Amino acid sequence: AASDVYKRQIGCREVHIENFRTILEYSDTFVKMRTKKGCVSVSGKRLTIEYYNEEEIHITGFIENVIP
């Protein structure tokens with residue numbers, strides 16, 4: 001399940017997600033991604049994907065919600 005996806009949220013400004021696969025939707029208020037175990041959504045304001053690779057993604061901005 002999505003519980004196998006490692007998420008680390010640093011305050012309300014950053015979130016780091018491992019077991020990342022691909023970006024499904026991206027705007028400055030919403031990011032939806034596929035992980036090895038399902039989908040994860042991040043909502044907030046001024047969201048920016050700082051970096052991603054075949055295993056992880058790092059998002060900054062005003063993080064309001066992370067939904068596995």
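## Strand β4 and its surroundings

A hairpin of two residues links β4 to β5. Strands here are DSSP runs of E, at least two residues long, numbered from the N terminus. This is a predicted model, in which local features need pLDDT of at least 70, side-chain atom pairs count only at pLDDT 80 or more, and totals for chains, interfaces and linings use all residues. Residues are numbered from 1 along each chain as its sequence is written, and side-chain values use heavy atoms, with hydrogens and water left out.

| β3 (residues 20-26) | antiparallel | five | Glu25 |

On the β3 side, the hairpin has three residues.

Now for the faces. In a regular strand, side chains alternate between the two faces of the sheet. In β4 (residues 30-35), Val31, Met33 and Thr35 form the covered face, while Phe30, Lys32 and Arg34 form the uncovered one.

Met33 also takes us to the largest nonpolar core: it is among the residues with the most contacts inside this set of 13, along with Val15, Ile17, Val42, Ile57, Ile59 and Ile63. Such a core consists of buried Ala, Val, Leu, Ile, Met, Phe, Trp, Tyr and Cys residues joined through side-chain atoms within 4.5 Å, where buried means under 20% relative accessible area (1.4 Å probe, protein chains only). At least two of its residues come from each of β2 (14-18), β4, β5 and β6 (56-67).

How values were computed: Buried means under 20% relative accessible area, exposed over 50%, partly exposed in between (1.4 Å probe, protein chains only). Helices (H or I, at least four residues) and strands (E, at least two) are DSSP runs, numbered from the N terminus. Two strands pair if DSSP finds at least two bridges between them.
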